[in-house]
Structure formats: C-alpha cells, structure tokens
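Here are my notes on the model you asked me to look through. Have it open in your viewer as you read.

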Amino acid sequence: MALDNETVQTIARLARIKIDQSDVDKTRASLENILDLVAQMEAVDTSGIEPMTHPFDATMRLRADEVSESDQRDRFQAIAPSTERGLYLVPKVID
Amino acid sequence: MTITTLATLAADLDSGKRSSVEITQDYLNRIKHSDHNAFISVNEELALTQAKSADEKRANGDSSPLLGVPVAQKDIFCIDGTQTTCGSKILENFVAPYTATVVGNMQSQGVISMGKTNMDEFAMGSSNETSYFGGVNNPWRSTAKGYENKNLVPGGSSGGSAAAVSALLAPAATGTDTGGSIRQPAAFCNLTGIKPSYGRCSRYGMIAFASSLDQAGPMTHTAEDAALLLNTMVGFDAKDSTSLNVPAEDFTASLNDSLEGLRIGLPKEFFGEGLDSEMATIIETAVKQFESLGATIKEVSLPNSHLALPSYYVIAPAEASSNLSRFDGVRYGFRAEEYSDLDDMYTKTRSEGFGDEVKRRIMIGAYALSSGYYDAYYSQAQKLRRLISNDFTCAFTECDVIMGPTTPSPAFEAGSRSDDPVSMYLNDIYTIPANLAGLPAGSIPAGFTSNGLPTGLHLITPYLQEAKMLNIAHKFQQTTDWHTRVAPTAIGGSQ
Amino acid sequence: MFTWDKRWEVVIGLEVHAQLQTKSKIFSGSSIAYGAEANTQASAVDIALPGVLPVMNLEAARLAVKFGLAIGAHINQRNVFARKNYFYPDLPKGYQISQMELPIVGFGEMDIETPEGPKTIGITRAHLEEDAGKSLHEDFHGQTGIDLNRAGTPLLEIVSEPDMRSPAEAVTYLRKLHSLVRYIEICDGNMQEGSFRCDANVSIRPRGQEALGTRTELKNINSFRFVERAMEYEIERQIDILEEGGSITQETRLYDSDKHETRSMRSKEEAHDYRYFPDPDLPPMILEDSFLDEVRATLPELPTAKKERFQNEFGLSLDDAETLTADRQTADFFETVSKSTKAESKIVANWMSGELFANLNKSELEISDSPIDTSQFALLLDRIADKTLSGNTAKKVFAALWDQEGDVDSIIEAKGLKQITDTGAIEAVVDDVIAACPEQVQQFKDGNEKVIGFLVGQVMKQSRGKANPQMANEMLLAKLV
C-alpha cells in the first residue's frame, strides 16, 4: 500500500501530530509497512456479514436520570496546566 | 530461593505467622534492591499504611482471603492521589483524582497496592520498550552461549508487572490485555497470566487503549493465585456500559475438579509456519501431559485466524486514535512549553508528549477511519472480527478448551526488533484472536528452551468459562513444576 | 414583508438543537442546571479524565422517543452512538458522542400553515448527542477560558428536509417545532439560555431548476426574529453574488445581529474529516416495544388534535383555536376556565387574547406566571355573565386583579362596581335623564334613532357606570316610543 507524503501530513494534521520534513519518508515507510500487513483483509469476501462492534453483541444498559456528582472543581483543577477563576485557559480561540 | 504464592501468604497471615506490615516491608525492600526497572513509582508510605490497617482489620475478625497481601498494579490504573502515567511522558506528572473500579474492588478486599509497574506507552507494544520510563529487564537471563550479559525483553505491554512477579518483587500483579499484553509477558517471564472474558473486569479508571478489546486480569505464579486475585478484581460496574452483569463466582471453587473427559482442541493454524520448532515440541509435550489427566486431544480449525492480526491493526489503532484525543494539554497532563497559538499548542503537546509507536498507531487509526477509507478498513475489519468469532463458536462445539503456544518465539534481546514494528506485532499472532472474540484466555508455564527461556502454553475457553480454564491450568500445575522455577535475577529477600 | 426577485427559488432546511429536560447529563451524573459557577458541574466524565466511561441516561432516550412519536416518526428500536472526532478546547474528549448511521428517531413529518394553505415539512431524523462546553473570550490576558458545565448536556438534533421555500415559512416551521417540544415537555425552549438553537441551511436556485444550489450554513441565531433576518440577508447576498456571475462557497457563516450581516467563520474553513465510527464504549441501544408503549402513554394531546377539538367542543374559530393551542399552558388555561365559568367559550377566548395576553406581553410574563389564576379569571367572566359587571367595569376589576388587590368579589365590593339591575332604581335615573334632556328626547321623537345612544350614556353617567346598559336602553325605548 503506497502512501504519498502529502497524505502522511494530512493524517498527521488530523491527529494534531507534527512530522518534521526530515522524518516524513521514514514515517511514510513505517505506515506503509503496517498497511501492507492490513492489506490481507482485502481479499476476503465479507458481503452479508454484519460488522461486530462489541464482543458478544452486547446491548446498552441505561442509567436512571439522577444527579449523582458533586462539585470537585478544585481537585480537578489542581492538576490542570493553566486555570484562572475556575476556567481552563487555552490560547485564544478564533471563531 | 523459591516462589511465594498468594495462597502461602494468605495462610501465613491467617495463622499469624507473619503480619501484613512485615510482608509488605519485605517486598518493598526487594523492590529497592532490584535493577529490573519494573516499577514506575512505588508508594511505600501508602502501602505500609494499608498494611497496618489490614493487620488491624484481621485482628478485628475480617477474614477476606487476600486481606493484607501486597501486589503491584500496572500503571494504567488510576489510583486516587497517586501518579498514573500509562508509561507516557504526556501523563508523567498526572496524579489521578479518582480510583479505578478494579483497584477499588481489590482495596475493598484488603489487597495492598505497593506501586505502579512499568509498561509500554499506552499499552502499545510487546516488549516494554515503548515506555517513556525506559525498558524493563526480563529476570530470565539466558546463560547460553551468545546470550551472556544481554538483556532480554519481558514482553509487553504489562512488562513491568511480569518482571515484578518473576523477579519476586511482588507476589502478584495486575495487567491489562488488548492483544496479548498479559499473556505474552506472562509467557516470556514464566508466569500464569489470565485475560478474562471481555466485560468481567470493569474498564472504569483503566486508561483506554482500544475500548472494545481492553480487559484487566491477574499475573501470578500459579493458577490458584490467579483465581484468588481474579476473585477480588471482577464484578459488575454501573460506571462501565460494557461491564457484564453476571452472578458472582468463586474462581477457586472448581480448581481441583477432575479433567476426565476434557476435550482439548489444537487449532492446526497455531502450529504452522512461524512457530519456533523447539517451542512447538515443548507445547506438544505439555498438551500430552493432559492425556494422563484424562483429557482427549483433537485437531480443530480456526480458518480465519490469519486475519486476526490485520483486523486488529485496524480496530485497535482506530479506537486508540480517538481515545487518545483527550490528551491535548488543556485539562491535565503535559502541555508544551512554547507555542504560537491553539493549534500549535495541541500539536506540540502531542508531538512532544507521545512516543513514536503511539504516534504511529494514532496515525494508522486516523487513516483507517478517514473519509473514503472507512469501509475498506474499519468496517471490513469489524466484519472479519465476526468471522473470527464465529470460528471459535464452531470450534467449541468440538472441544472444551483450545490450546497452543502463547507466542511464536521466546523472549528476545532488547533492541532487536524495535526498528521493525511489523515484526514486533507478530508476537501477538496467537493471542489477538481471543481479544477480538472477547473470550477468556490465559498463558501458563510449559517448559524451557535449550537456552533456558520460558515457554507459555496458551489456553482459550468459551465465554465466561474462566473457572474451567483455571481448573485446567491448576491441574496441570499439580503435575508439573515449570511454574515453580525461579528466575536467575530474582531478588531473594528474607525468605 | 421580505420579498426577493422571484426568478430565484429559495431552499431552506433547518437543524435544531433542543436541550432535553433531564436532571442529569446524557452520559454522566452531573447536574445540567443553568447558571452554575464555571466548571462546578463538570465531573470526571465531563472533563474526560483518562479512564472514564459514558453511561447513557434513560430519560434522554425517553424524551427523544416522545418527540419521535409526537411527529409520527419511525423509531429506530436499535440505534447506535458514534464518535465525531475533532479537536476543540470545549470538547474535552476530542470527540463528540453523537449518532450517525442509526439515529434514535427516523423520518417523520410536521404540518404547518402557510398563506398558500397547509404544507407538510419532512423531518429527516432526530438524533441524540452531547453538548460541548463554552468558550469565554473576555479578559483572560488574550487567552480563552473554558467552562465545561454545559459539556455533556443532552441534545436532540432535529434535522428537517430542505422543504421550506421562504424565510417566513422556515420561521413558521421553527415556531411550530418550538411549540411542540414545549407541549410534550421535552425541552424548555429557552432560546436566550441556548436550550433551543437553530442552524439554517440556505441555498437558492433558478426557479424551475431541479438541482439544489450550493448552500451555506448559518449558525448562532438565537431568536425567531434573527433567524428570519439572517436568512433574508443571506438570500440577498446569494442572489447578488449569482447575478453578478459569481458562485456561492459552501461554508459556515455566522449571523451578526448588531450589523445585520452574515460572515464566514474562518475557523471552520478547514475541511473537516470527522472520522465517525461506532462508540466502542456504548453498545447499541435496544428499545423494546413495551418501552415505546410506555412513552406513548405519556404523550399529551398534540396541538393539531387539540386545535380541532377546541373548534368542535368549544365552537371556537380556527384563528382562536390556533392562538389558544399555541402552547400547552395557554390551552390548559383556556380549557380550565371554559369548564368552570358560565360565560360562553367565545367570551373566554376574547378575554384571553385581549386583556390577558396584552398584560402578559407588557409584563413579559408566561401564562404560567400570570398573577390572575384560572379560578379568578373564570369568576370574573361569571360576573359578566350574571350581569354584575359590564364590559367596562370588568376591565377595571381585571386591572385590580392583575395588581393583586384582592379577589373578584371583594374588588367589586370595594370599588362599588356592582351593576344596577334593579328596575326601579334604573327607572328613576331614566326618568331624570328624560326630564333633563328635552332637546334630545324631541330629536328622537322626530325620527333620529341614533340619539338613544346619547341618552343611554347619560343614564350610565348618572349611575356612575353601574346601571345595566341593556336595561337602560330597553327602558328608554319603552318610555319614548
């Protein structure tokens, strides 16, 4: 499975991962190796087979609508990189 | 030097021969003297406080079976107030503000957590070499020619847990298994490692790698210990929508049941090309041993098992790529020091915070899910998953347990495969199918290669039949002594 | 009224996010109460700590099904949550849990009234999803503050077909939808607090052309008036571009109500690839027939059925029935009053649409907050029916009731507004008026019948408004003819 460097950069960008220009060939090669392994799947005819997203085809259990959580802001924000007046701070978001 | 089992420790505590504080202190001392790099963090003070409290509870009549027994926890489980890194730089300074359900269950049974064990970063790896906190030395060091002074990997991703138990730094440890991460290191380190049915152990508080595959389990010297520890780990959890709501079971209850009439299935696909020939012989010998216990052996087929590895390397990275999006430097964990704007902050944080293997799998996953590729990759992999699962259903009409080698080859030298991800992935070729199907599976010590390296016998049983598997493993261990062998670099301690 | 060059046909589809009226969030036990201090309603699950997992709220499923049943939609008894992956600081997991391939509510329909007659609008689907947090831009040294209290609030996204052909039609549909979600009590409909939000997909095409034009998505429109104005602006903008030979860019545009214009949202320009896939933390939701039956039993009478019944049972006009069934509280108010007063239903309708609505509007109150309750309102109308009050004196009593000066009868007593119906008392006044106004009496006798009004007025004046005007009228006629 051949990838081009542009595709590699597009995927990296989607995942918010930076790939230095000097590493892009190496990254591309290792991704291609994995895709070659995965390519064995192509040969199998799976028409009529339902995808299995959960082991044993489990079904959802729903919970009662109750407020069970209390305020833990101070505990949670003690481990945050940057907060002020109870808010998490990030570089300016531009809409 | 001999191994010390949980069962022995429990008996000593019960008879008053030793206190929990004494036992815990003993193991903490061994950890200090070890150079295996098995632990990322050790919380001596907390462990001793818990030990003291366990001794008090016992004095007050509490008779929980593992009350006061110290164990090691894989550093993938959140424990309130303790550093929880998942083997990653991005969580290097993360102090969890809550406790995983599995650990909470163990604590409520009086089990003591001594520290957090080393692991492949986000459980992605089969050698423990992707850990940000460095590799782990396998306590089993070959003495054969050509191996002198060479470090072997303990397997992964639960490499630290495996090394800790194998080096006698802890009597038992927890692990997690997404594609073989309990069983493969158990095989490499001569341990009993059990991956229960998907949903047995709550995933709440266990940092997610691939949500539909991840499952916690025990890593111990014996099947009996695995049953004892598993008893404290499992249980329905309303906080996990995939948790199984099944009646509680005592996994030790049927350990000694007769194996008369047991039907063992050997999938021909697990004994083909790629399997180390010496290991093949060891496994065949081990399986033969069961005949003397009354079992019959027959060949079965899992015709789609060759598709497990490719399916897994789509499903697991796809789920992981999404699961790991929360590590963005906003609410906890590492944030890059310098950045020009929001996107730059995200990108630098994740690029500096994640290691190469994690980045590789995130990218594979993002690609497999991306527009135009979803059907060919993710959807196709989930369909193959059903075929693989159906193979097991079919095979289990002919046998009660499936056996084979846990790994195609024994522990290898550190650094020997880290440049070739795909050759590393092949380690899990026999273990992955059980994860895809959600079935209980385990690895038990089955003998040693001529170079003195452990070999694991792989067991797979039908859904929810952990007790049967432990019974089979226990009976085997009653007639063999592979599991009692002590690793060459184990730390003796006071025993 | 907005008009445009009719060579162009307008095509509008709406996506409405209705916040479901649950107590807790869709996947966690945090409160969704509005207005709490920042991040105090953001639990471990809401801030996406490592290792946490979602557990679906049954009530959110129930409310979504209730909506589906109300619009006669197909309910997907097996529906699936999917992850929509993108990075944004108000999205803690880096993905939003939503529904993609199998939404809980499938295709349904809603009828609206248009100037050209009734029209059916298709509702493509309605799916459950979690809301994101809020970004606060002001005053953090050039940084943005993130509040995750809203993250995980349950939303029902209701997607219409591109069936609307004018902004007015779109607003009619939107109002009807707004009324319905409140009727069936799944959403409080508060647009200011963002409980009911609307995005509009707007495109134009030459009349007669089948293919749809390129659409733009208008976001951030939080009132009916702005929805209409934003669409109007956007239609004019698109017509201008196409008539000048340009082409429309498919993009998301933000409506600025201060400047009355839409502008492109730069941050959304980058092509998204959301990489949807079924959420492995949440197995498929299976809804049994019995659950659907249970929800169906909780459905109130729906607006259309109620409107018909009001016409049949109470003899209301279509207009009155429409007005009085616009929301459930109003309809209930009308029905309660009608059933307990001796007054005719038409009078109840008039007094509600007149005095009551005028005062509610002026005070910006909902009918549920009316200072006059149904029993006092009914009593007031009783006093008109039994002739204790005239139309004018009843208005005075209404005003006093509104100001909470007492109950109907004590106000009538205190203000001395009791209508005089005693024949003898009225006759005395009538005689006085005939004596005092010989000129007008003569005009009447000369054939100017209109002057009777003046004479009745004089009787009312002398009795300080308390004489029954009808009796006065009859008595004057009897004495003068």
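1. Housekeeping. This is a predicted model, where local features need pLDDT of at least 70, side-chain atom pairs count only at pLDDT 80 or more, and totals for chains, interfaces and linings use all residues. Residues are numbered from 1 along each chain as its sequence is written, chains are lettered from A and ligands numbered from 1 in the order in which they are written, and side-chain values use heavy atoms, with hydrogens and water left out.

2. Chain A against chain B. Contact here means heavy atoms within 4.5 Å, and on that basis 46 residues of chain A meet 61 residues of chain B. The two chains bury about 4,800 Å² between them, with carbon and sulfur atoms giving 70%; buried area is the accessible area (1.4 Å probe) lost when two parts are put together, summed over both. A:M41, A:M52 and A:R61 supply 15% of what chain A buries against chain B, more than any other three residues.

3. The interface has 3 salt bridges, a salt bridge being a side-chain nitrogen of Lys or Arg within 4 Å of a carboxyl oxygen of Asp or Glu. A:R75 pairs with B:D80 in a salt bridge whose closest N and O atoms are 2.9 Å apart. On the chain A side, helix 1 (5-14), helix 2 (24-38), helix 3 (73-77) and strand 2 (87-91) each give at least two residues, and helix 2 has the largest share, 8 residues. Helices (H or I, at least four residues) and strands (E, at least two) are DSSP runs, numbered from the N terminus.

4. Chain B against chain C. This contact takes 37 residues from chain B and 30 residues from chain C. About 2,700 Å² is buried, 59% of it from carbon and sulfur atoms. In chain B, the residues losing the most area to chain C are B:S241, B:R326 and B:R331, together 22% of what that side buries. The rule finds 1 salt bridge across this interface: B:R203 with C:D281, closest N and O atoms 3.1 Å apart.

5. The cores. I take a nonpolar core as a set of buried Ala, Val, Leu, Ile, Met, Phe, Trp, Tyr and Cys residues joined through side-chain atoms within 4.5 Å, with buried meaning under 20% relative accessible area, exposed over 50% and partly exposed in between (1.4 Å probe, protein chains only). The largest core has 196 residues, and those with the most contacts inside it are B:F122, B:F290, B:M403, B:L457 and C:L49. Helix 9 (residues 308-323) of chain B gives the largest share of this core, 9 residues. Apart from it lies another core, of 105 residues, including C:I26 and C:A349.

6. Helix 4 of chain C. Which residues of this helix (289-297) are buried? They are C:F291, C:L292 and C:V295. The face turned away from the buried side carries exposed C:D289, C:E294 and C:A297. Helix 1 (58-70) of chain C is included in what covers the buried residues.

7. C:L324. This residue lies in helix 6 (residues 318-324) of chain C and is buried, with a relative accessible area of 0%. Among the residues that C:L324 touches are C:F310, C:F334, C:A349 and C:F357.

Terms used:
Lists of a residue's contacts leave out its neighbours within four places in sequence.
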